[in-house]
Amino acid sequence: MRARSKLLSGASRSKDTGVAAVVMRMAPADRKAMILSRATEFFAEYGLTAQTRALAAACGVAQRLLYRYFPSKAALLEEVYQEAIIAPFKAVWLVQLRDRTRPFEQRLADFYRNYCAVVLTRKWLRLFLYASLAEARMAPDYIATIIMEMLETIVEEAAYDQQVELPRDRMLLHEIGWVLHGAVSHFAIRRHLYAASRQISEDRVLALQMRVFLAGFAAAVAEARGFELNRKELSSGRSR
């Protein structure tokens, strides 16, 4: 009994629920980290519109304690974004992708192997898709700050490897890159969220997608350059 009393010495009764909850003594930094970790799991399961009252219960704390560490739900979601969406991506991956001392196909395979293992997880995908459905800035910001540079790097390195001239329009470069990245991303969605495409190993599917992309790369670039040229000719004709 004494041991139990000592364990519960940090317990408090939540005014929000009227239920006694065990609140273990923790350093403020540790408690904030715990709340942030559980918030990431919580929003990944229930979406960004889920209520903070339910989140507080999942964390085993009173709602008012939650707001002591995060002054608003928006502030909490911003930290979830930085910790769970942005942080998994490693800038060194892009450095390695640009390392022309190694064969490009090998660099590309290593990049997507890392990206799938660390970024395109079930939790990350659910958070990202929920953010898109909630029309939050998480998805557009991630695409603008990380994906665009990644797509340009892949396309520029592929062009250097195959000695083809790229169109100057950055949006066309992005669309060429999306041919591969869209395929990889949707494979991860099928695998983690739809419980499909699990019969073949991830490495083999990635190898298949990369081989198709690289085999058709020169043709895709030629199509994009033709589109760019036609657009310039039309624009020149209108200005006469």
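Both Trp 124 and Tyr 142 are buried, where buried denotes a relative accessible area under 20%, exposed over 50% and partly exposed the range in between, computed with a 1.4 Å probe on protein chains only. The structure is a predicted model, in which local features need pLDDT of at least 70 and side-chain atom pairs count only at pLDDT 80 or more, whereas totals for chains, interfaces and linings use all residues. Residues are numbered from 1 along each chain as its sequence is written, and side-chain values use heavy atoms, with hydrogens and water left out.

The ring centres of Trp 124 and Tyr 142 are 5.2 Å apart and the ring planes stand at 65 degrees, so this pair is classed as edge-to-face; rings of Phe, Tyr and Trp (its six-membered ring) are taken to pair if their centres lie within 6.5 Å, with planes under 30 degrees apart counted as stacked, over 60 as edge-to-face and the rest as tilted. Because Trp 124 belongs to helix H8 (residues 122-133) and Tyr 142 to helix H9 (residues 138-162), the pair ties together parts that are 18 residues apart in sequence. Helices (H or I, at least four residues) and strands (E, at least two) are DSSP runs, numbered from the N terminus.

In total, the structure holds 14 aromatic pairs. In another of edge-to-face type, the rings of Trp 93 and Phe 111 have centres 6.3 Å apart and planes at 85 degrees. Trp 93 is located in helix H6 (residues 91-97) and Phe 111 in helix H7 (residues 104-118), so that parts 18 residues apart in sequence are tied together by the pair. Trp 93 is buried at a relative accessible area of 7%, and Phe 111 is likewise buried, at 3%. Ring pairs also link Phe 89, Trp 93, Phe 111, Tyr 112 and Tyr 115 into a cluster. A charged group is placed over an aromatic face at Tyr 160, where Arg 100 lies 3.6 Å from the ring centre; the criterion requires NZ of Lys or CZ of Arg to be within 6 Å of the ring centre and within 35 degrees of the ring normal.

The chain contains 12 helices and two strands, and from the N terminus on its elements run α-β-β-α-α-α-α-α-α-α-α-α-α-α. Of the 240 residues in the chain, 39% are buried. Among contacts (heavy atoms within 4.5 Å) between residues at least 6 apart in sequence, 67% join residues at least 24 apart.

The structure holds 15 salt bridges, each defined by a side-chain nitrogen of Lys or Arg within 4 Å of a carboxyl oxygen of Asp or Glu. One of them joins Glu 79 to Lys 32, with the closest N and O atoms 3.3 Å apart; since Glu 79 lies in helix H5 (residues 73-86) and Lys 32 in helix H2, this pair ties together parts that are 47 residues apart in sequence. Glu 79 is partly exposed at 29% relative accessibility, and Lys 32 is partly exposed at 29%. Glu 105 is partly exposed, its relative accessible area being 35%. In the salt bridge between Asp 141 and Arg 137, the closest N and O atoms are 3.1 Å apart; Asp 141 is partly exposed at 27%, whereas Arg 137 is exposed at 54%.

Arg 191, in helix H10 (residues 170-192), is buried yet has no salt bridge, and its nearest side chain of opposite charge, Glu 202, is 4.4 Å away; Lys and Arg count as positive and Asp and Glu as negative, while His and the chain ends are not counted. A polar atom of the Arg 191 side chain lies 3.3 Å from the backbone oxygen of Ile 200. With residues up to four places away in sequence left out, Arg 191 touches Ala 196, Ser 197, Arg 198, Ile 200, Ser 201 and Glu 202.

Notes
Polar contact = N/O pair within 3.5 Å; in protein donor to acceptor, adjacent residues only side chain to side chain.
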